[in-house]
Amino acid sequence: MTQAEKEQQDNGKEKEKEREKDREQQRGVKRPIAPPAIPDCPLQEQIQSNFIMVIHPGSRWLRIGRATDTLPVTVPHVIARRHKQSGQERYEDAWLLRDGLNKPESTEQRQNGLKMVDQAIWSRKMSNGVRRTPVSAEQARVYNCQIRPAVLDSSSRVKWTNTSHQPPYVVGEEALYVNPSDCYNVHWPIVRGQLNVHTGPGGSLTAVLADLENIWSHVIHKHLEIPRKDLKYYRCILLVPDIYNRQHVKEVVNMLLLNMGFSALIVHQESVCATFGSGLSSACVVDVGDQKTSLCCVEDGVSHRNSRMCLAYSGADVTRTLFWLLQRAGFPYRECQLTNRLDCQLLQHLKETFCHLHQDISGLQDHEFQTRFPEAPSLLYQVRLGDEKLQAPMALFYPSTFGIVGQKMTSLPYRSHGDSMDPHDEHYLLATQSKQDQVNQSYMTFNPLVDYLTRTCGKMEHGSVHGECLMVGGDMEDSASSHLSRKTSIISQFESKALGLDKAILHSIDCCASDETKRKMYSSILVVGGGLRFHGAQEFLLHRIINKMPPSFRRLVDNVEVITRPKDMDPQLISWKGGAVLACLDTTQEMWIHHREWQRFGVRMLRERAAFVW
């Protein structure tokens, strides 16, 4: 039979089937209706950027908006919840206060840190070649103790949030202005970049996730004018810290896709998005936020795991230190308390207004500020300040000035404890490797940290580190478990130390694999976040990096550059802007995790689709 005859015969069979189908329909025979095939992951569809939402949750601020928006909506990341029972004890999460401040050693440590700050201020000359003349707090105190406020207006015209209709919760700025006498608890759901899980009221993981869901849904509805029922038409890009809690990220993704109802989602790291937002291909990203400072070296959109570090102090600690220094100088607003959220807000404003890192500004200077609180007159205060304005932000470089004792001050990437829903995680991969591969992998991860500690801390407090490093290199037959034990011991010693910001940057760059990568990082140090927005910060940080970088790299690096305002943008918005850029890239099409995929496969989709090693 020829090919033409075969085709003719096949066409005849098809026509016969169609005629039989028509005859059955005429006889009223019902046939089963097959559902149309719907692909699980419509990767090829054209996605409109105005239907993609970028969410950047921070410890103090929530930034959220469409990828096409010029600027995100920025609101305080706080919620006030009404008491479920009358007579319930009032609870409020701390803002500027934290654990470890009231230890017996705190005062001495704070004083020692301040001495180091003063020495650093005196040792660096001004631009005219003259050393600064130190100004003692007592000089300002004599004047400030005589100051009495002037009444500007008998009413501040600032009102408490109206809760007469008894809403179950209020969000953002309204939550900050809830009257303490009202029956509401105030919660900050994120602290130092992690979910604020604690043993107090509203501190369970379920309660914190409920707070996030209520805050985000309220802001989307109120400020972006998108009803919650319409979120099924939107996709979401979620920015997470470089050092993240896998269980917490999993639960937040679950909340966004299953509870809030987004159709698809991408999870990406803040540092990588910061490079996208600034237009840099490679950079050492230094994210100085309100409650934590994270560092990471990013090269061509990839975050180097060994270079990641999170410091448990930042802008809020500078604010609290400024308050301590103001009190030493006879701060005229004597009713100021760190337990009062409105006073905390005022202190944040004073820090942003007065503080600087400019070496040429010296001597006593007079300033003024206003207080405007509900049910109180508007007052004008005069205050005389000297070195306090420079000492407070310099505490970032001498963190013992914060007076924090007995707390974990530095966090490094840690191995996951595993997830029952993700059987092929790193534990499975490690268990299926040969013993030699396990030792090699552990050594490759361990070596940069040991090398850094050997060269920077070994002479003072880590004398045994060098010996351990040599033993690791010479005895590769040693078991992986004992090797991991030594690694854990040294890391725990390292994490208990409070590194200054400049030393942390040097450590992060030093942990890069090659000299060429290190050279790239020194030539592009990107500072984002709002914790280092001080006049003179760029020049101050550059001076300290150049003075402390290894001599070998001073010859190799053509130009050390610190970037604090890329494209003249607000550094607080850089990471969010990078998330918006990510939404427009063709390469993101394969990173989307769809609602139905998450229902079916769960956390395994993060391992498959995340742009970083989950």
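Me: Which residues does His 304 touch, not counting residues up to four places away in sequence?

Reply: Contact means heavy atoms within 4.5 Å. By that rule His 304 touches Cys 296, Cys 297, Glu 299 and Thr 517, with residues up to four places away in sequence not counted. Please note that this is a predicted model, in which local features need pLDDT of at least 70 and side-chain atom pairs count only at pLDDT 80 or more, while totals for chains, interfaces and linings use all residues. Residues are numbered from 1 along each chain as its sequence is written, and side-chain values use heavy atoms, with hydrogens and water left out.

Me: Where does His 304 lie, and is His 304 buried, exposed or partly exposed?

Reply: Helices (H or I, at least four residues) and strands (E, at least two) are DSSP runs, numbered from the N terminus. His 304 lies in the loop between strand E14 (302–303) and strand E15 (309–311). Buried means under 20% relative accessible area, exposed over 50% and partly exposed in between, with a 1.4 Å probe and protein chains only. His 304 has 22% relative accessibility and therefore counts as partly exposed. The C-alpha atoms of His 304 and Phe 612 are separated by 9.6 Å, although these residues are 308 apart along the chain.

Me: In what order do the three strands of the open sheet stand?

Reply: Strands of a sheet pair through backbone hydrogen bonds, either parallel or antiparallel. Two strands pair if DSSP finds at least two bridges between them. Here the order is E6-E4-E7, and the pairing is antiparallel. Strand E6 (169–171) and strand E7 (184–187) stand at the edges with a single partner strand each, so one side of each has no neighbour in the sheet. Four bridges join strand E4 (residues 79–82) to E7; Ala 80, for example, has Val 186 in E7 as its bridge partner.

Me: Which helix packs on the sheet?

Reply: Helix H5 (residues 205–223) does, touching E4, E6 and E7. Axes are lines fitted to C-alpha atoms, for helices over the stretch in contact, and angles run from 0 to 180 degrees between N-to-C directions. The direction of H5 makes about 110 degrees with that of E4. Asn 214 lies in helix H5 and is buried, with a relative accessible area of 16%. Beyond four places in sequence, Asn 214 touches Ile 79, Arg 81, Tyr 169 and Val 171.

Me: How do helix H7 and helix H19 pack?

Reply: Two packed helices are described by the angle between their axes and the distance between the axes. Helix H7 (residues 270–278) and helix H19 (residues 574–583) pack at an angle of about 80 degrees, with their axes 6 Å apart. H7 is therefore roughly perpendicular to H19; angles under 35 degrees count as roughly parallel, over 145 as roughly antiparallel, 65 to 115 as roughly perpendicular and the rest as oblique.

Me: Which residues touch the most other members of the largest nonpolar core?

Reply: A nonpolar core is a set of buried Ala, Val, Leu, Ile, Met, Phe, Trp, Tyr and Cys residues joined through side-chain atoms within 4.5 Å. Of the 85 residues in the largest one, Val 286, Leu 357, Met 394, Ile 505 and Leu 532 touch the most other members. Helix H8 (residues 315–328) gives the largest share of this core, seven residues. Another core, of 43 residues, lies apart from it and includes Leu 212 and Tyr 234.
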